[in-house]
Every structure is written in structure tokens, then in C-alpha cells.
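Student: Could you walk me through how to read a few features of a model? I would like the general idea each time, and then the case at hand.

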Amino acid sequence: MSLSSQLLLRVNKMFPLPVHPFNLANDGQMSYTEWQFQKGEQTIQFFLDYHTQEQMFRDKTVLDIGCGGGGKTCYYGTFGPKEMIGIDIVPHYAEEGNAFAREKGLADRVRFMTADSAELPFAENTFDTIIMNDAMEHVDRPELTLEECFRVLKPGGHLYINFPPYYHPYGAHLSDAIGIPWVHAFFSEQALIDAYKELVRDLPDGKDRISFRFGKKPDGSDTIAYINQMTIKRFRRIQEGVAHPAVYQREVPLREVTAGLAKLPIFREFFVKMVVCVYQKHETN
């Protein structure tokens, strides 16, 4: 292990881990899916100044992209959608989500399937509402994902996007084992990977976490494949190619005390907690 990785491991002992669903599941406190369900309101809090839960979901046909275990999708399902479909590229999440929907008595309106957001298996003009909560930073092909969203969205329908930018304090998405804020700004990707593997190696789900987080580059070296390093700057550049209007946008600061820093170009990427955007598809003539 490199000196950088060893230093990271030593420094990490000084920082408590944020609450993380993987660790809650390991400790027997609650499943990842139940944690998502209980946090459901938090996943859409940033849209509620623009639309209520009822406006987003009531009597709507809804697609939840990047649904994970399905708990947040089932939470949305409590607001009376006509139909709610959750998709994720991880195959076992569909089975877990459908089981959870049955457990919550929502199977008549909520279902799950495995699908790639850049190749959605739905016809044009299918959905009234599409929500991408904490998903834009994970998709492999964000431009194609947006194109697909507008293809399957009905005219007049809304696309809700929120995501933490890459340089968020825990934007590396390794905080189930590494508690150092902004760690990815100070250590190389390889140091992060080596330290994370060491930290989770002996956990009951350690192998699953490693395969979930990491992949291989063409040269065979490891990479953090779970995220696409979506910065605010990159997202704004992608937005320039979107033909439909953004009808609501926010950049939410980490804390009120850091709101001023979140507006400064040099600090913005580091002190914005959440990028929020709502699109509406043009009505057809």
C-alpha cells in the first residue's frame, strides 16, 4: 500500500463516519430500502417550493430513475400516482423493490425493473413526471439520459433533477468507510480505492461494496466507477444542449453560514450541497 493510502487511513481515524445505510444494514438497524423510505421526504424537499408532493405525483404516471432499493419510490407511491415505475441498472434492486412494494401494500401502483437510463425501454410520451434524485452523478451517459427523459416524458410533463456536485464534502461517495470531508480533493483516486478496500475488507458485505463502487479502466487499473464526477460546471455545460426550458433552478449551500462562499466561482463547487433543476417538456402544437 502506498504512503498516501497509509496516510489517508491514519487521518481517517480522526473523523467519525456520517450515518450511512450500508452500515445501518450491517448493524441490523434497518435495511437500505427501509432507510430510503424513511428518508423519502428529504429526497424531494428541494422541489417543494415549486411543486407539492401532490402536484408531482397525484394521478400521475411517474418514472423514478436510479431508484436503488426502491424505498424512496415507494414513498412517492404513497401520494396516489396512477402508476409508479422505479428503474436502476443494478439487477437485484428490482427484486428488492418489488418485494418492498408488496410489504407496504403498494404493489398495485408501484413496480420496479432493471434498465439503463440512457436506453429507456418505454414508448414516447409515457410519463407525466420523471424524477432523478441523487442519480445524475451516477449515470454513465448523462447527455443521452436527458435525451431519453424528454423522449418518454409527455408534453407538459416535468423532469425533476437534484444531485450533490462532485466536490461536495462526500462527493466521492465513499463515506460508508471514509469520513474525511473533501477527501477526494486531497488524495489520488488510487489512494482512495486502496484505503477503502482496506477499510471494508473484513465487513460481511465488503466484497459487495467493492464490486459496487469500483470498476476497471481499459488498461486494467482500478477506477471509482460508481460516479461520473458530475461537477456544477459540467452540468451547466450539458444544460446548454437541452432544448426544453428549465422552469426552476437552485444551488443549495452546505450551510447558511457558507452561503456566501457557495456563490463565489472559486469555492462554489466545494460549498454547494445540492444542484436542483426542474424541466418542463414543450407542449406540442
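Student: Is Y196 buried or exposed?

Tutor: Buried means under 20% relative accessible area, exposed over 50%, and partly exposed in between, using a 1.4 Å probe and protein chains only. Y196 has 0% relative accessibility, so this residue counts as buried. Before we go on: this is a predicted model, where local features need pLDDT of at least 70, side-chain atom pairs count only at pLDDT 80 or more, and totals for chains, interfaces and linings use all residues. Residues are numbered from 1 along each chain as its sequence is written, and side-chain values use heavy atoms, with hydrogens and water left out.

Student: Where is Y196 placed?

Tutor: Helices (H or I, at least four residues) and strands (E, at least two) are DSSP runs, numbered from the N terminus. Y196 is in helix α10.

Student: What kind of aromatic pair do Y196 and F214 form?

Tutor: Rings of Phe, Tyr and Trp (its six-membered ring) pair if their centres lie within 6.5 Å; planes under 30 degrees apart count as stacked, over 60 as edge-to-face and the rest as tilted. For Y196 and F214, the ring centres are 5.4 Å apart and the planes meet at 85°, so this pair is edge-to-face. The pair links distant parts of the chain, with Y196 in helix α10 (residues 189–200) and F214 in strand β6 (residues 214–216), 18 residues apart. Both Y196 and F214 are buried.

Student: How many aromatic pairs are found in the whole structure?

Tutor: The search finds 21 aromatic pairs. One of them, F150 with Y279, is edge-to-face, at 5.5 Å centre to centre and 85° between the planes. F150 lies in helix α8 (residues 142–152) and Y279 in strand β9 (residues 272–280), so this pair ties together parts 129 residues apart in sequence. Both F150 and Y279 are buried. There is also an aromatic cluster, made up of F37, F57, Y75, Y76, F79 and F100.

Student: What sits over the ring of F37?

Tutor: A charge sits over a ring if NZ of Lys or CZ of Arg is within 6 Å of the ring centre and within 35 degrees of the ring normal. Over F37 you will find the charged end of K104, 4.5 Å from the ring centre.

Student: How many disulfides are there?

Tutor: A disulfide is a covalent bond between the sulfur atoms of two cysteines. The search counts a pair of cysteine sulfur atoms within 2.5 Å, and it finds 0 disulfides. C149 is in none, and the nearest cysteine sulfur, that of C277, is 12 Å away. Seen from C277, the closest cysteine sulfur is the one in C149, too far for a bond. C149 counts as buried at 0% relative accessibility, and C277 is buried with a relative accessible area of 0%.

Student: Which residues other than glycine have a positive phi?

Tutor: Take D59, with phi near 60°, and D134, with phi of about 50°. D59 is in the loop between α5 (53–57) and β1 (61–65), and is exposed with a relative accessible area of 55%. D134 lies in the loop between β4 (127–133) and α8, and is partly exposed at 31%.
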